Amino acid sequence: YTHNSSDPKAQRILGEVREVLHEYPDILQLHGFYLDEPEKIIKFDIIIDFASPDREGEYRRILSHIRTMYPDYKVYINLDRDVSD
């Protein structure tokens, strides 16, 4: 996965995103984080537990939350699937 974790701004934003995701107990994982500062784009994948009563709703709430935090950025979150055994 692409990531630019050595960039201080990317590290800060990733930390802030992780804090937000801790508010959602059905989030199993965040991965593939990438900040494109020149283009003002934030991208990452999340895995929401299949047992969540409203996976799509939770995804939409998270997307809205992150977009509100970073109104000057285009935010793309991929709802990934947990395919582990």
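Guide: Strands (E, at least two residues) and helices (H or I, at least four) are DSSP runs, numbered from the N terminus. In the hairpin of E1 and E2, four residues lie between the strands, and Lys40 there takes a positive phi near 60 degrees. This is a predicted model, in which local features need pLDDT of at least 70, side-chain atom pairs count only at pLDDT 80 or more, and totals for chains, interfaces and linings use all residues. Residues are numbered from 1 along each chain as its sequence is written, and side-chain values use heavy atoms, with hydrogens and water left out.

Visitor: In what sense do E1 and E2 run, and how many bridges join them?

Guide: Two strands pair if DSSP finds at least two bridges between them. E1 and E2 are antiparallel, joined by seven bridges, and Asp36 stands opposite Ile41 of E2. E2 also pairs with E3, in the parallel sense, over seven bridges; there Ile42 has Val75 of E3 as its bridge partner.

Visitor: Is E2 mostly covered or mostly uncovered?

Guide: Buried means under 20% relative accessible area, with a 1.4 Å probe and protein chains only. Seven of the eight residues of E2 are buried.

Visitor: Which residues does Arg55 touch?

Guide: Contact means heavy atoms within 4.5 Å. Arg55 lies in helix H2, residues 55–69. Setting aside residues up to four places away in sequence, Arg55 touches Ile48, Asp49, Phe50, Leu79, Asp80 and Arg81. The Arg55 side chain also reaches the backbone oxygen of Ile48 at 3.1 Å.

Technical notes: Polar contact = N/O pair within 3.5 Å; in protein donor to acceptor, adjacent residues only side chain to side chain. Buried < 20%, exposed > 50% of the residue type's maximum accessible area, 1.4 Å probe, protein only.
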